[in-house]
Amino acid sequence: MNSKLIHAGVLGFVFMLSPFAIDMYLPAFPAMADGLATGIDELEATVAIFLFGFALGQLVLGPVSDALGRRTVLVAGLAVFVVASVMIGASTSLGEVYLWRFLQALGGAGSVGVFPMVRDRFGERDGAQVISYIMALTVVAPMIAPLIGAQVLALAGWSPIFFLIGLLGLIALFATVGLLDKGQRVRPDFSVTRMLGVYGAVVSERRILAAVLAGGFAFAGLFAFVAGSPYVYISHYGVAPHAYGFLVALNALSMIGVNLINAQMLRDTDTVAKIRFGATVLLIDGLAMLAIAVFDLGLVPLAVAVVIFVGAIGLTATNAIVAALSVLPRENGTVSAVNGAGQFAVGALSSLIVSVLPSTSALPMTLVMAGCGVLAFASATILKNSQPQEVISHA
């Protein structure tokens, strides 16, 4: 079988684990609250614990993967993820859930090596194609995870949901060990001092920061939509809950389609040019969404504009990580960590802004999404205007 398809399939499945861990158990909150004799508010903290642990784990494991090997860190992380998932299902108290949830997130953060593994194995152009396939697969996970969780809950209760997540992690672990090569050589020079030095080198590299910010601000627009769309679609425009799910699915299909086009039709197009084009669409479409909200032009124009916006996110963010990984190849674990943590931070900020603004119309959501489009475009412009710099070895 084609090596690129094998890597895309296995690593895409690995990348789907975190969305599964975040979304699959959401329908089980009431049942978990009853079983653990706690409140739903206390259980909601498990989402924040996972996101915090995942971001922290990426920041630590990214540089570690540069030194000890991408696959080594990924395999170890998957093993921790599997054990922690099973232990969450076996927990009898909220404190146990909190502990194992944090460890589950740290293990899942081993996926920080996924994009660097692709770049190490396939180079920039073919690597961009594989990353596009991975991103297309990953988008599916948040769509199906709650549906799977709801079915498992109805059939067997809340604990088996986490047992199933652990089983999926075990499958990913076996696939990683059995189907993927070891990747780059191990470097025996890892230390905390060196890790801090590499972080300094990465964040001081203008091209990396511009690419990370372009992708981060693009994804922040998606976070803003997730935070604001339930009110805008259901409460403001009166969309039925099942129809809301259909509209969200259209957005996911848009991102999947754009990533497949990026992998096939646009694979030979300059990466920075694709980022610039995607960010330009985000800018223009974001401002159009804002105008639709200001003049209250209705649901259909807004929903169409959102579909276009989400598709442009796929083009911008996917190529942004490809561009960032092309600058300091030996430190790509650290680059990937900065990218992942940056997306979480900016995305959390955008969703927070939408949440605290008064929900009286579509204006708060579209205002933040338009702002994200402006910032993504500005970052893409900085990236375009940055002159290539000599790759510095930090060995």
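Start with Q129, which sits in helix α6, residues 114–156. Keep in mind that this is a predicted model.

Is Q129 buried or exposed? Its relative accessibility is 6%. Buried means under 20%, so Q129 counts as buried.

What does the Q129 side chain meet? It makes a polar contact with the side chain of K4, at 2.8 Å. Now set aside the neighbours within four places in sequence. Q129 is then in contact with K4, A263, Q264 and R267.

Next, R119. This residue also has its place in helix α6. R119 comes in at 17% relative accessibility, so it counts as buried.

Which residues does R119 touch, leaving aside those within four places in sequence? The contacts are E124, L325, S326, P329 and N332. One distance to look at in the structure: R119 to S65. They are 54 residues apart along the chain, and their C-alpha atoms are separated by 13 Å.

Now move to helix α14. It covers residues 363–385, which makes 23 residues. From first C-alpha to last, α14 reaches 33 Å, close to the 33 Å expected at 1.5 Å a residue.

Which residues of α14 are buried? They are P364, M365, T366, V368, M369, A370, C372, G373, A376, S379, A380 and L383. Here is a general point for reading such a list. An α-helix has 3.6 residues a turn, so residues three or four places apart point the same way.

And what do the buried residues of α14 pack against? Four helices: α9 (206–236), α11 (271–294), α12 (299–325) and α13 (332–356).

Conventions. Residues numbered from 1 in each chain as written. Predicted model: local features only at pLDDT ≥ 70, side-chain atom pairs only at ≥ 80, totals over all residues. Heavy atoms only, no water. Helix = DSSP H or I, 4+ residues; strand = E, 2+ residues; numbered from the N terminus. Expected span 1.5 Å × (residues − 1). Buried < 20%, exposed > 50% of the residue type's maximum accessible area, 1.4 Å probe, protein only. Contact = heavy atoms within 4.5 Å. Polar contact = N/O pair within 3.5 Å; in protein donor to acceptor, adjacent residues only side chain to side chain.
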